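Q: Hello! I would like to learn how to read the features of a protein model. Could you take me through them step by step?

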Amino acid sequence: MHNITVGMEYDVLKENRALANENYNMLKDHDVFSVDFMGSIGAGKTALIIALAERLRQKGKKVHAIAGDVTGTDDMDRMTASGLETTNCNTGKECHLEAHMVGERLKTIDFDDVDVLFIENVGNLVCPSDFPLGTDVRVVVISTTEGDDMVRKHHDIFIHSDLAILNKMDIADAVGVDPNIIIRDYNELTGGRKEIIPCSARTGEGIDAILEALGL
């Protein structure tokens with residue numbers, strides 16, 4: 001039974017990778033730069049995407065977002081209200097987006113009006129790491145409100161991402177968290193080969209540094 005379970009899991013992950021590659025090729029064919037934002041509920045992914053998109057629009061970039069949630073349209077509604085073109089993607093019972101879900105949404109987007117695509121994954125620090133979506137970059141967002149042990153508890157998602165963002169720096173003192181501990185843990189885990197950027201989506205701290213790290 002154990003071998004069957006492993007085989008089924010392998011097939012699912014293999015199929016997801018194949019579909020992610022199709023998504024990647026579709027986006028490259030339309031010259032769209034894409035980013036998958038992973039992170040737990042409340043990390044500030046939506047606010048961060050809105051802030052990044054606003055800065056990019058000021059630079060003349062056309063930005064679209066896919067808002068991933070188990071159910072509802074709350075994040076999509078917030079993004080749309082900010083002026084960001086957004087497509088909703090509900091997963092039902094799944095705790096993460098999968099490549100086939102994103103692929104179906106990509107078919108509905110007019111890529112003539114898109115330079116940059118931001119995908120907000122479902123709030124979770126575990127499941128999304130195993131399911132690439134076909135984006136250029138995978139980013140994990142954590143916040144000071146989650147405590148200073150996030151990196152130590154969730155190695156896998158940091159290993160499978162290209163960039164980390166430490167959000168809500170403006171309230172670190174208020175929640176009694178030392179950001180230096182998180183940054184130290186991240187650097188030890190990645191051997192200093194990856195970047196972690198402190199930021200505050202609310203105040204704008206770090207937004208330009210994130211865009212620079214993304215090459216935008």
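A: Gladly! Let us begin with charged pairs: a salt bridge is a side-chain nitrogen of Lys or Arg within 4 Å of a carboxyl oxygen of Asp or Glu. Here, Glu 104 and Lys 107 form one, with their closest N and O atoms 3.0 Å apart. Please keep in mind that this is a predicted model, where local features need pLDDT of at least 70, side-chain atom pairs count only at pLDDT 80 or more, and totals for chains, interfaces and linings use all residues. Residues are numbered from 1 along each chain as its sequence is written, and side-chain values use heavy atoms, leaving out hydrogens and water.

Q: How many salt bridges does a search of the whole structure find?

A: The search finds nine. In one of them, the side chains of Asp 208 and Arg 55 meet at 2.5 Å, N to O. That pair links distant parts of the chain, 153 residues apart: Asp 208 is in helix α8 (residues 207-213) and Arg 55 is in helix α2 (residues 45-58). Helices (H or I, at least four residues) and strands (E, at least two) are DSSP runs, numbered from the N terminus.

Q: Is Asp 149 buried or exposed?

A: Buried means under 20% relative accessible area, exposed over 50%, and partly exposed in between (1.4 Å probe, protein chains only). Asp 149 counts as buried because its relative accessibility is 19%. Its salt-bridge partner at 3.2 Å, N to O, is Lys 153, and Lys 153 counts as exposed because its value is 58%. Salt bridges with shared partners also join Asp 148, Arg 152, Arg 184 and Asp 185 into one network.

Q: Which strands pair with β5?

A: Two strands pair if DSSP finds at least two bridges between them. Strand β1 (residues 33-39) pairs with β5 in the parallel sense over five bridges, and β5 also pairs in the parallel sense with strand β6 (residues 163-167), over five bridges. Met 38 has Val 140 of β5 as its bridge partner, while Ser 143 stands opposite Asn 167 in β6. Strand β5 (residues 137-143) is mostly covered, with seven of its seven residues buried.
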